[in-house]
Amino acid sequence: MKKLWINALLSALFISISLFVYAERREKEVKIEDLPQNIQEFISTHFAEEMISSARIVKYGYHKVMLSNGDEVLFDRKGRWLEIDNKMENALPASTISLLPQPAQEYMQQRYPKHLMYSIERDKDGYEIKMTGERPMKIHFDSKGNLINEKID
C-alpha cells in the first residue's frame, strides 16, 4: 500500500511539473496597445514606417514583436531590446546602428559602409551583427564596442 501511495504521489508530481514546463513554453498573443510603453517607443523610433503585425509574450516573459516588413524584435522583461532580425535578410533601418556603442558604430561605418545589417543581437558579453553584401559576414563586439572577431558567413 505504501508503494502505491508513493507511485501516485510521484506521478502527480511529474504531471504537475510537465504542465508547468508546458505553460512556460507557450506563447501568448498581446494586444499592441498592451505592450509596455518603452517597447512602443522603441518601435516608433526605429521602425516608424512599419506596422506591428503581431506581438507575443514568449519564453521567460520576453516580448517578441513582428513587423509588417519581416523584422522581428525581441525584448527582455524590462523592455530592453535583445535582438533585431529580418528573417528574409533585408536591411534593418539605418537608425539601428545607433544601438551599438560608439566604437562599434565607427568601425561599421568606416569598414563596411556598403554592407547591409539584417540582424543585431545583444547579450551581457556584447553584440553580434550579421550582414549581407559582397561577402556575408558576422561581426562580434564586446559590450563596450571593441571588435572581437569577424567571420565570413
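Two strands pair if DSSP finds at least two bridges between them; helices (H or I, at least four residues) and strands (E, at least two) are DSSP runs, numbered from the N terminus. The model is predicted, with local features needing pLDDT of at least 70 and side-chain atom pairs counting only at pLDDT 80 or more, while totals for chains, interfaces and linings use all residues. Residues are numbered from 1 along each chain as its sequence is written, and side-chain values use heavy atoms, with hydrogens and water left out.

**View 1. Strands S7, S8 and S9 pair in the antiparallel sense.** Strand S7 (residues 126-132) is joined to S8 over 6 bridges. Across from Lys130 stands its bridge partner in S8, Lys138. Ile129 likewise faces Ile139 in S8. The hairpin of S7 and S8 has 4 residues between the strands, and Gly133 has a positive phi near 145° there. S8 is linked by 5 bridges to strand S9 (residues 147-152), where Ile152 is opposite Met137. In the hairpin of S8 and S9, also with 4 residues between the strands, Gly145 has a positive phi near 95°.

**View 2. Nine strands make an open sheet.** The order is S1-S2-S3-S4-S5-S6-S7-S8-S9, and the pairing is antiparallel. Strand S1 (28-29) and S9 are the edge strands, each pairing on one side only. Strands of a sheet pair through backbone hydrogen bonds, either parallel or antiparallel.

**View 3. Phe42 and Phe75 form one of the aromatic pairs.** The structure holds 5 aromatic pairs. Rings of Phe, Tyr and Trp (its six-membered ring) pair if their centres lie within 6.5 Å; planes under 30 degrees apart count as stacked, over 60 as edge-to-face and the rest as tilted. The pair of Phe42 and Phe75 is edge-to-face, with 5.4 Å centre to centre and 85° between the planes. Phe42 belongs to helix H2 (residues 37-46) and Phe75 to strand S4 (residues 71-75), 33 residues apart, and the pair links these distant parts of the chain. Phe42 counts as buried because its relative accessibility is 11%, and Phe75 because its value is 0%. Buried means under 20% relative accessible area, exposed over 50%, and partly exposed in between (1.4 Å probe, protein chains only).

**View 4. Tyr107 and Phe141 form an edge-to-face pair.** Their rings are 5.8 Å apart centre to centre, with 80° between the planes. Tyr107 is in helix H3 (residues 102-111) and Phe141 in strand S8 (residues 137-142), so the pair ties together parts that are 34 residues apart in sequence. Both residues, Tyr107 and Phe141, are buried. Ring pairs also bring in Tyr112, giving a cluster of Tyr107, Tyr112 and Phe141.

**View 5. Met88 lies in the loop between strand S5 (81-86) and H3.** Met88 counts as exposed because its relative accessibility is 53%. Leaving aside residues up to four places away in sequence, Met88 touches Asn69 and Gly70 (contact means heavy atoms within 4.5 Å). The C-alpha atoms of Met88 and Asp71 are separated by 8.4 Å, and these residues are 17 residues apart along the chain.
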